[in-house]
Amino acid sequence: MATMMVDVAFTTQLQLRLAYDISVLYRVPLDVHDPEDLWKLIRVAFTIKSGEAAREGVAKAVPALVRPLVKRFYSGSALTAGKALPVVGKHLLQRNVIKIGIPLVGVPLAVLLNRYTTLLAGRHARAVFRNEARVIEIAEAISERSRHPQLMLWVAWLVLRANAKAKIADDEALLMRHLVRLVRERHEVVDEQLAHVVDIDPAEVWKRVDTELGDLSDVLDAAERVATVDGDVNSREKAVLAELRERCRRS
């Protein structure tokens, strides 16, 4: 047990530092004193995905050759105990169950497993932070070109919530978070009314668009970029963009 704890502590520290260093390389700001950023770092380092079952997680964390052994051991009471642990504890158990629960595995396979999980964590961190760097780049471009930053935020939120019944995607939430931050920092705009909006009213946004005079091409460009941040533009987002184009022509 003592040997296992030393191994867990060292490997965990190594993978946390690896994930943090990758975030620095991609210039993604992480404040380890911020609980939200710290939780993001932990999720990335441990490759924790939402909704992942205990047994599914452990099976994916080890090489295919030994997965049948892990599945055989990690069932019944062991699976129940693993599911009862907090998220981080569950994943630590999953990654080390093969070394403590299956006899005659030996040190060589334990070393191989540590190397494998570290490579997995590094690749996952690279994918996550590269994608976040892409989203930040989009937010910076939108903010820099915006001549109507306050209106742009309302329109961006309307586009993101075009399909009110669907759950907002991670990339969409991330983009809105950075847009609000950049507008505050670069344009010194803080919209308290928008900050308290949950279900946005399209009529309120269109009223704001219609009251603006002059060229609104920057708002339209921002809306089009926002719509594509998570992939293809869906039918509801296309409808919002079409309405916005029509109103921008009238202004």
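Start with a cartoon view and follow the chain from the N terminus: the elements run α-α-α-α-α-α-α-α-α-α-α-α-α, which comes to 13 helices and 0 strands. Helices here are DSSP runs of H or I with at least four residues, strands are E runs of at least two, and both are numbered from the N terminus. Bear in mind that this is a predicted model, where local features need pLDDT of at least 70 and side-chain atom pairs count only at pLDDT 80 or more, while totals for chains, interfaces and linings use all residues. Residue numbers start from 1 along each chain as its sequence is written, and side-chain values use heavy atoms, with hydrogens and water left out.

The protein chain exposes about 14,400 Å², with carbon and sulfur atoms supplying 57% of it; that is a Shrake-Rupley area with a 1.4 Å probe. Of the 251 residues, 42% count as buried (buried is under 20% relative accessible area, exposed over 50%, partly exposed in between, with a 1.4 Å probe and protein chains only). For contacts, meaning heavy atoms within 4.5 Å, take the pairs at least 6 apart in sequence: 76% of them join residues at least 24 apart.

Next, hide the surface and select Val155, Leu175, Leu179, Val209, Val226 and Leu244. These have the most contacts inside the largest nonpolar core, which has 39 residues. Such a core is a set of buried Ala, Val, Leu, Ile, Met, Phe, Trp, Tyr and Cys residues joined through side-chain atoms within 4.5 Å. Elements giving two or more residues to it are α7 (107–145), α8 (149–160), α9 (170–187), α11 (202–211), α12 (217–227) and α13 (235–250). Which helix gives the most to this core? It's α8, with 10 residues.

Zoom in on Val226. Leaving out residues up to four places away in sequence, Val226 touches Ile142, Ala156, Val159, Leu160, Leu175 and Leu179. There is also a second, separate core of 13 residues, and Ile22, Val44, Phe46 and Ala133 are among them.

On the α8 side, pick Pro149, Met152, Leu153, Ala156, Trp157 and Leu160; on the α9 side, Glu172, Met176, Leu179, Val180, Val183 and His187.

Stay with Trp157 of α8. Buried or exposed? Trp157 is buried, at a relative accessible area of 16%. Beyond residues up to four places away in sequence, Trp157 touches Ile168, Met176, Leu194, Val197, Val198 and Ile200.

Jump to His124 in helix α7. Again skipping residues up to four places away, His124 touches Arg43, Val44 and Thr47.

Last stop, the backbone. Most residues other than glycine have a negative phi. Select Arg27, in the loop between α1 (2–25) and α2 (35–45): its phi is positive, about 55 degrees, and Arg27 is exposed at 72% relative accessible area. Then try Glu188, in the loop between α9 and α10 (192–195). Glu188 has a positive phi of about 55 degrees and is exposed at 71%.
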